Amino acid sequence: MTNIDDLAIEERIKELFEQNYEMMRLEGGHALSADTKQSALNQVLFYWRKLREVAENVTDTEVILSLPEQITPEGRKYTIEGVVDIIREQDQTTMYDIKTHDSDYVRGNVPEYEKQLNVYAHIWQGLRQQELDQTAIIATSLPVTLREAVRKDDQRYITKEIQRWQPLIDIPFNQEKVAETISEFGEVVDAIESRQFQPPSLEKLKGKLAGKKITFAVQVCRNCDARFSCSAYRRYVKSSSSQADSLLSRFLNDYGSDAEREDFLYANLENIPDIESFDI
Amino acid sequence: MSINLEKLWQLTQPEPFEPNLNQKRAILHTDSPLFLTAGPGSGKTRVLLWRSLNLIVFHDVKPEEIFLSTFTEKAAFQLKEGLRSLLGLVTNLTGKPYDISKMYVGTVHSLCQKLLTDRRFLELGQRSPVPVLKDELGQYFYLSRRKYWQTILEKADFDLDIAQATINQFFNYNSISKHNAVSNCISLFNRFSEECLTPEQILARIQTTPVDDPDTFTNLTKLYDEYLRSLQQSNPPQADFSLIQQYALNFLEQSPHSGNIFKHIIIDEYQDTNTIQERIFFKLASGFKNICVVGDDDQALYRFRGATVENFVQFPSRCQEYLNCSATEIPLNINYRSRHQIVEFYNDFITRQNWRSADGKGFYRLVNKDITAFNDDRTTSVIASTPAKPDLVCEEIALLVRDLINSGKVTDPNQIAFLYPSLKSKQVERMIDALEDVGLKVYAPRARRFLEVEEAMAVFGVYLLIFGKPVRGDFRGADYNDFHQWLNNCQEIAQNLIKEDKALKAFIEEKQEEINTALNDYRILSEVAIAHKWDKTQFYDPHTMKRLLYSARGLSNTAQKNLGNVYFDRLVKQKLETKQPLTLSYVINASTSVDWSVLDLFYRLCIFNHFKEMFDQAETGQDEGPICNMGLISQYLARFTDEYTNIITAQFLEDNRFQLTLFMGFLYSLFRRGETEYEDADDPFPRGRIPFLTVHQSKGLEFPVVILGNPRKDPKLQRVEEIVKPVLDRQGEPLERMAEFDVMRMFYVAVSRAKNLLVIAHFKGPGQKLTFPFNEMLNDRTIARIPDFDPHSLPEAKESNDDLPKNYSYTSDYLLYQRCPRQYMIFRKYGFVASRSQTMFFGSVVHKTIEDLHYLLKAKKGTQNLD
Ligand code: SF4
């Protein structure tokens with residue numbers, strides 16, 4: 001393939017991305033801010049630039065895997081579902097799970113992904129009666145340094161950072177824990193069906209997320225619209241604030257930082273319709 | 001291990017399946033068209049299930065080569081799960097696995113959408129643009145935007161001053177309301193699309209056939225043309241529910257492969273298909289000619305959605321016409337559902353009508369169905385109340401229901417269903433009151449408006465306090481008065497809330513203050529622009545303008561911060577660099593808008609106890625009613641932000657425009673359309689409550705006890721039928737008979753839902769009337785009456801056990817729940833729409849585009865290999 005072809009593909013990616021974005025936005029997604037949208041597009045573009053041999057060889061994309069007839073510990077019947085990509089070559093079949101996660105995070109949490117991919121592998125092998133040779137995660141989130149290079153729009157720096165980037169993470173193929181994972185899965189199904197929805201403990205909110213420097217409360221709760229009505233988050237705020245009195249007003253005016261505010265305004269102002277056209 | 005169908009039937013759980021002769025014939029029929037006429041309770045779902053299994057297991061048909069359309073998503077899910085489980089049984093015996101994830105099972109609409117992205121119909125590497133689907137509410141808002149509505153009216157040569165009156169007049173309404181005009185147009189447009197009529201065809205027919213008021217008809221057709229055009233030309237193209245089918249048909253007509261993708265086309269509830277659907281099905285079947293339809297003309301309910309029962313009744317001749325071959329007809333006429341008397345009752349009911357066609361040569365229905373009950377229990381199973389005034393009848397029925405529950409003949413109150421032609425009626429209210437008087441609980445989500453549930457009134461009451469209440473204008477009809485009454489009630493509820501909760505009061509005042517500040521800042525900045533003769537549409541030049549705006553007298557800190565912060569500077573610079581500089585108007589709007597959307601406001605409200613308690617109750621599984629409604633409120637608010645805007649600028653707030661848009665534009669529309677309460681598709685009949693359903697809702701269901709709460713529906717022909725009749729290709733049932741036929745079929749469906757007992761309310765007295773033939777049948781002296789009926793004579797109802805296995809996704813269920821069960825509950829289980837979180841959307845776009853990229857590369861490789 002020539003370079004011109006490559007460029008044509010990148011152009012196609014941009015077009016496809018734009019179409020998908022518009023369609024999904026109209027189907028009820030909210031608009032993404034310009035920056036966020038660009039970073040979503042970049043994930044696809046750099047996936048293509050970095051892992052083209054993988055992309056070019058995918059034989060089955062977005063395969064729906066389902067494992068029916070599972071029984072929970074409390075006797076409920078259910079089906080497990082997942083989605084993967086597959087590459088079949090002459091002598092080798094690999095299963096990929098593409099995630100918009102950060103590759104360092106994935107490397108730091110291999111056991112978590114190991115559980116998931118091995119369940120998927122189990123389903124695949126059962127369904128297709130075909131051995132799998134390898135399982136891997138593709139983590140498409142751009143590393144900070146690559147993002148920086150893109151921001152500076154410095155080609156040499158970008159090339160160097162692409163080389164350093166390791167988005168493909170092998171996940172040990174190990175079917176031993178499958179039964180255990182499935183039984184944990186069943187317990188979660190029981191919990192959901194019996195309506196157990198209490199928030200996690202204060203300790204969990206205060207604790208750091210695996211492989212990350214930031215706490216659950218900051219990473220997850222701060223982005224959760226349900227935090228205002230959440231007893232756990234309320235406890236967290238109380239316990240970490242010296243002025244208990246200002247609790248309420250802090251709560252209520254917590255719309256995020258200036259950057260977030262700009263993002264919010266900007267994402268939406270671009271779509272601000274002509275007020276005159278509103279129906280009154 | 002070798003297996004065959006008989007062996008599998010024997011192994012079926014919980015008991016072996018013993019198909020009757022015709023069921024067996026139907027299951028084994030595997031090529032050429034098949035016409036299954038299936039009476040109520042005749043086991044057709046089972047037949048479809050086993051027929052599919054037969055094709056897959058014994059005839060080597062791949063699941064993705066089967067197209068199976070059902071009437072509801074739930075029915076589709078049931079079929080799919082049933083099939084999965086039977087195939088699992090086969091796998092256990094033979095070791096051969098089956099994967100049905102690519103099989104087409106679903107409603108026509110969802111399958112049409114699926115078709116449009118199915119790459120098997122395309123040449124390698126092609127991609128067809130899929131239109132964005134507008135649901136009914138979206139269609140309504142799209143058309144009723146004032147500017148859009150006026151533009152298309154003008155283009156269609158309507159006189160704007162009288163357009164609405166003219167349109168409504170054409171539909172026999174004496175009204176100038178836009179809401180009515182838009183609703184009327186929607187019903188007509190949908191019908192045009194469903195009948196597969198193009199504007200050109202309609203216009204040509206208006207020329208050649210006599211129609212009422214040809215001028216208005218012509219203009220309405222032009223209006224339809226404009227509507228179609230604007231949807232097609234938007235980017236990406238859009239489609240309503242009827243047009244998505246049109247897209248699918250066009251798509252199939254362009255593909256050379258259309259007839260050769262599916263080896264089997266199977267359509268359930270075929271009596272309720274419309275013209276465009278018929279064409280799609282026959283197109284798909286054109287290659288292999290294996291089309292199997294199942295239905296019952298006596299249960300046709302959806303004329304108002306363009307369905308024509310003739311598609312079913314004349315299926316054999318349609319096969320000749322489209323496929324040039326004949327269909328095998330197999331009747332499924334043994335009823336496994338109901339006791340003997342019930343079956344006799346509805347056989348008698350339907351044949352009292354004269355179905356003979358006008359020329360006397362045939363019938364408008366399939367006659368001689370000869371439906372027989374499998375159950376030979378001939379004891380009393382159809383009873384009527386003592387003929388009396390409504391209050392007394394309701395009381396008598398309520399007491400009977402209480403006795404039935406106490407006698408243990410039903411295992412739960414949800415096994416007794418009340419069916420009505422419509423739930424918005426006085427008779428329904430009376431009945432609910434009577435049941436509640438004897439201490440019973442009912443579940444009637446469609447009996448009242450969603451906006452009238454407590455949670456909605458409290459939330460919108462608070463919004464009224466914040467944004468102010470619209471002033472009531474002159475009398476404009478009953479809806480308008482009711483809506484203002486609703487506004488008053490909401491406000492009162494909210495006022496009571498702030499009496500109890502000082503913090504909520506403070507919150508509301510703070511929001512009002514923010515609005516005032518924004519408005520004030522907006523005025524100040526606009527004056528600066530005027531003073532310097534800047535036009536608001538000109539580009540913002542930070543060097544000359546920023547300082548002047550920033551230091552304007554009286555400008556609030558908030559606006560100053562907005563104008564002056566580094567992020568905003570960065571944005572301005574970025575836009576300048578990319579040659580898309582911001583306009584002055586943008587800058588003023590951005591710095592004078594409040595920093596929350598209606599959805600943000602909603603989530604923040606939930607900090608206050610009245611609302612927070614609803615979440616607390618759901619977390620521990622105590623009561624999920626309130627949270628379901630809160631979830632729905634969030635969906636409607638998200639709808640508002642989608643239809644209008646997410647951001648509330650001061651410009652929008654000025655002159656109460658925002659207030660009017662939210663209340664008199666958006667909520668008033670929801671109110672008038674009568675949008676109903678939350679219903680859980682997975683759990684439609686909560687335990688402990690007696691369900692009230694419309695007959696339409698009861699389609700395909702069965703209940704141990706059915707109570708027909710109001711055996712009266714006056715036949716009324718829908719105007720749209722009269723309008724379209726002259727321009728249609730095929731002439732079906734005559735106009736003057738349609739309405740009475742439809743009433744017959746509707747009640748036929750109602751009475752055939754009953755398994756063990758059918759109870760009919762017999763109203764008598766001034767103003768009371770029974771619909772034919774109930775008047776004859778209930779006045780017949782042989783019908784048993786409630787006082788003579790002994791509940792102990794009833795067989796015990798079995799615990800209904802259709803607890804289907806549910807699908808759980810590894811990432812969006814298991815992992816999400818593990819992260820935070822509460823967050824899972826709110827956003828995943830109860831469908832709250834997040835206000836700011838973008839992670840889901842982000843991930844979907846990335847995945848979808850990578851999927852497309854993979855297909856693109858695969859196609860490229862394919863062509864290279866050919867080279
Ligand atoms: S704030 Fe949201 S994510 Fe955090 S504990 Fe509460 S519900 Fe869970």
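Q: Which residues lie nearest the centre of the second largest pocket, and how many residues line it?
A: This is a predicted model. Val442(B), Tyr443(B), Arg448(B), Glu677(B) and Arg689(B) lie nearest the centre. The lining has 35 residues, and the space is about 1,200 Å³.

Q: Which elements give two or more residues to that lining?
A: In chain B they are α18 (426-437), β13 (442-443), α19 (454-467) and α28 (625-643). The most comes from α18(B), with 5 residues.

Q: How many charged residues are in the lining of the second largest pocket?
A: The count is 16 charged, beside 14 nonpolar and 5 polar.

Q: Which domains of chain B each give at least three residues to this lining?
A: Domain 3 (372-448 + 685-789) and domain 4 (451-675) do.

Q: What makes Asp135(B) and Arg639(B) a salt bridge?
A: Their side chains come to 2.5 Å, N to O. The cut-off is 4 Å between a side-chain nitrogen of Lys or Arg and a carboxyl oxygen of Asp or Glu, so the pair qualifies.

Q: How many salt bridges does the rule find across the interface of domain 2 and domain 4 of chain B?
A: It finds 1.

Q: What shows that domain 2 and domain 4 of chain B are in contact?
A: Contact needs heavy atoms within 4.5 Å. By that rule, 9 residues of domain 2 of chain B touch 10 residues of domain 4 of chain B. The two domains bury about 960 Å² between them, 54% of it on carbon and sulfur atoms. Leu137(B), Phe141(B) and His179(B) supply 58% of the area that domain 2 buries against domain 4.

Definitions and conventions:
Residues are numbered from 1 along each chain as its sequence is written. Chains are lettered from A and ligands numbered from 1 in the order in which they are written. This is a predicted model: local features need pLDDT of at least 70, side-chain atom pairs count only at pLDDT 80 or more; totals for chains, interfaces and linings use all residues. Side-chain values use heavy atoms; hydrogens and water are left out. On a 1 Å grid over the protein atoms alone, a cavity is a set of points where a 1.4 Å probe fits but cannot get out, and a pocket is an open set with protein on both sides within 12 Å along at least five of seven lines; lining residues have an atom within 4 Å of a point. Grid points are joined across faces, edges and corners, and a volume is the space filled by probe spheres set on the points. Helices (H or I, at least four residues) and strands (E, at least two) are DSSP runs, numbered from the N terminus. Ala, Val, Leu, Ile, Met, Phe, Trp, Tyr, Cys and Pro count as nonpolar, Asp, Glu, Lys and Arg as charged, and the others, Gly among them, as polar. Domain bounds come from an automatic or database domain assignment. Buried area is the accessible area (1.4 Å probe) that two parts lose on being put together, summed over both.
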